[in-house]
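Q: Hi! Could you walk me through this one?
A: Happy to, here it is.

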Amino acid sequence: MATPANNVETLATQEYKYGFVTEIEQETIPRGLNENVVRLISAKKNEPEWLLEWRLKSYRHWLTMEEPKWANVKFDPIDYQAAYYYAAPKSKANRPKSLDEVDPELLKTYEKLGIPLQEQELLSGVAVDAVFDSVSVATTFKEKLAKLGIIFCSFSEAVQEHPELVRKWLGSVVPYTDNFFATLNSAVFSDGSFAYIPKGVRCPMELSTYFRINAKETGQFERTLIVAEEGAYVSYLEGCTAPMRDENQLHAAVVELVALDNATIKYSTVQNWYPGDKEGKGGIYNFVTKRGKCQGVNSKISWTQVETGSAITWKYPGCILQGDNSVGEFYSVAVTNNYQQADTGTKMIHVGKNTRSTIVSKGISAGHGQNSYRGMVKILKNATGARNYSQCDSLLMGDKCGAHTFPYLEVKNPTAQVEHEASTSKIGEDQIFYCRQRGLSTEDAIGMIVNGFCKEVFRELPMEFAVEAQKLLGISLEGSVG
Amino acid sequence: MLLEIKNLHANVGNTEILKGIDLKVGLGEVHAIMGPNGSGKSTLAQVLAGRDVYKVTEGEVLYGGKDLLELDPEFRAREGIFLAFQYPVEIPGVNNTYFLRAALNAARKHRGEEELDAMDFLTHIREKIKLLEMDETLMNRPVNEGFSGGEKKRNEILQMAVLEPKLAIMDETDSGLDIDALRIVASGVNSLRGKERSIIVVTHYQRLLNYIVPDFVHVLSNGRIVKSGSKELALELEEKGYSWLDETVPVSERA
């Protein structure tokens, strides 16, 4: 019979399933960062003057900032001058009008990932804005959405086609001064997605973006902006896998969501950036700023995330609950295996009256993984009747990993109700034996136990995404317990 | 012969628990293994199921003529060995029906049979749920989570009924059951008796054997089978108590 230790070793050596590199000619700006690079990025994208000014303002502000050190993660200093700040597939010069014009190499990449665009277009009814490196290569279902007045396109395109909307909302939730990584993003963001749902419109399909880092040593600076006007509804899916790399890659995205009166935005993420090898070499640094503003009354923003990848994750999708009766939700599964580190959680800022927030965080640590939940619930003075419920569960696999919880509560209104529950458990040998005695393999047993643990989060995901998330979790944890 | 245990020794850490068990179980037979606390009854059950906290140090176990000790627990299960746990384990968040279907399909796949989908499976188990007078809502709850003691034991027997093992080992299934639950569990087990299935009932008390009448009774004491006989042996034991056994153990072996 295999001993637990043997099992761990055999299976931990399994290679990252999505580790391959697509050979495509890259058009890059020289390494390093200075004002000229910022200008060059802006010029390449043919941006209006105000946007260049905004980038420059951000860049100058960034120079005055220091990399934050408070997160419970360890990494060698990042040399910001050694990275490339812009790379685009060359075919970008003549933007493809349809999938037929898309570089076949790119399409093959997606196929390997199991997300062929054509199939998605035809079968799943998901509109895909695929971001390959920094530039969108294909946008589908646009016409159908356009009939409803929904705008769903790459960020660059939005800048060209709808500058008034971009100008109005860009930086309205995450100001350019917000934090070191968000400010860097504001200076050098390359592309991303833009969605605008007009008043009273319910978006009839899930909007989806597949991100992918491909160019060697290319920092990724995605920028996503979603605006739901009064009474609008949208569900947005973000998912990603990254090819195998030896060198650490920085990913500093910004996502801004705005929900006006009675609007609802549901934002779901399955994140599977390359986590590094079993020794902790390589992997993506995922330093992301995600924030939603429930600006209108009765508005709702819901974040659901499944984080299995990245060497380091630093991410706190939050909600500013400004409108009265607005609702913020955060459902999260974060997995750390081998030498992965995650410091993730949420911020719920209650500003308006009777605002409600729910936080359900499930952390899974295996191998030498370190998993920290960091959550802030802030109830401001005027937030009469505000309520928060937080639940924070950790699951440990093996005895070399760690789980940490850092809840911050700041309550300035005496009528507020705040509840926090936390638990830590270990996958028991008795649970695994019970499953095996019923004929299930150890792997299946672990998969089942872990999925059971994450159930409350998975059920918040759209169906097809939930299936993908469960699979990912299985892959990420293979061989973690013998 | 379905099961043949020869001179089986097993340890936990450095402590020897089983000190040379010999036992033969033929197909279709029901054997009761009785004995005082600490005699090694549960250890024997767990060793047969393949729990690796117990180390077999000597002896062999043949199952259908094949070396059982070579097999990992899940393969023993798929080959038809079922252990009804004394303390069934809770698995939070995992749906009871889903779990049982996964277990059945693992065995079916192993046998080269087609796996059952959710609908077929429901049809398959409905009858068995009725037989065990189980509350059907338990099937939609997480495995054993929040179940009463009696519900957990009934759930074990339901699993046994669905998995249709060749060899069922029931580890103190009667413990913690009131008389009604005992009757239901026993009738469930009795309905599973048959030519193609052998059952080992591990119990401390004779009580269960009024309901599940064994073909053979073995008395385990201090890691060895010290007496074997027909069902009357259980009654004799009930009457005289386990201390009677001490007199049956050779003087040289007494503690």
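Q: Which residues form one aromatic cluster?
A: Y59(A), W62(A), W70(A), Y80(A), F180(A), F181(A), Y285(A), F287(A), W314(A) and Y316(A) make up that cluster. Bear in mind this is a predicted model, where local features need pLDDT of at least 70, side-chain atom pairs count only at pLDDT 80 or more, and totals for chains, interfaces and linings use all residues. Side-chain values use heavy atoms, leaving out hydrogens and water.

Q: How many aromatic pairs are there over all chains?
A: The count is 20. Rings of Phe, Tyr and Trp (its six-membered ring) pair if their centres lie within 6.5 Å; planes under 30 degrees apart are stacked, over 60 edge-to-face, and the rest tilted. F180(A) and F181(A) are an edge-to-face pair, at 5.2 Å centre to centre with 90° between the planes.

Q: And what about F181(A) and F287(A)?
A: That pair is tilted, with 4.6 Å centre to centre and 45° between the planes. F181(A) sits in helix α9 (residues 180-188) and F287(A) in strand β13 (residues 284-294) of chain A, so the pair ties together parts 106 residues apart in sequence. Helices (H or I, at least four residues) and strands (E, at least two) are DSSP runs, numbered from the N terminus.

Q: Why does F181(A) count as buried?
A: Because its relative accessibility is 2%; buried means under 20% relative accessible area, exposed over 50%, partly exposed in between (1.4 Å probe, protein chains only). F287(A) is buried too, at 1%.

Q: Switching to chain B, where is D117(B)?
A: D117(B) is in the loop between α3 (96-110) and α4 (118-131) of chain B. D117(B) counts as partly exposed because its relative accessibility is 40%.

Note on methods:
Residues are numbered from 1 along each chain as its sequence is written. Chains are lettered from A and ligands numbered from 1 in the order in which they are written.
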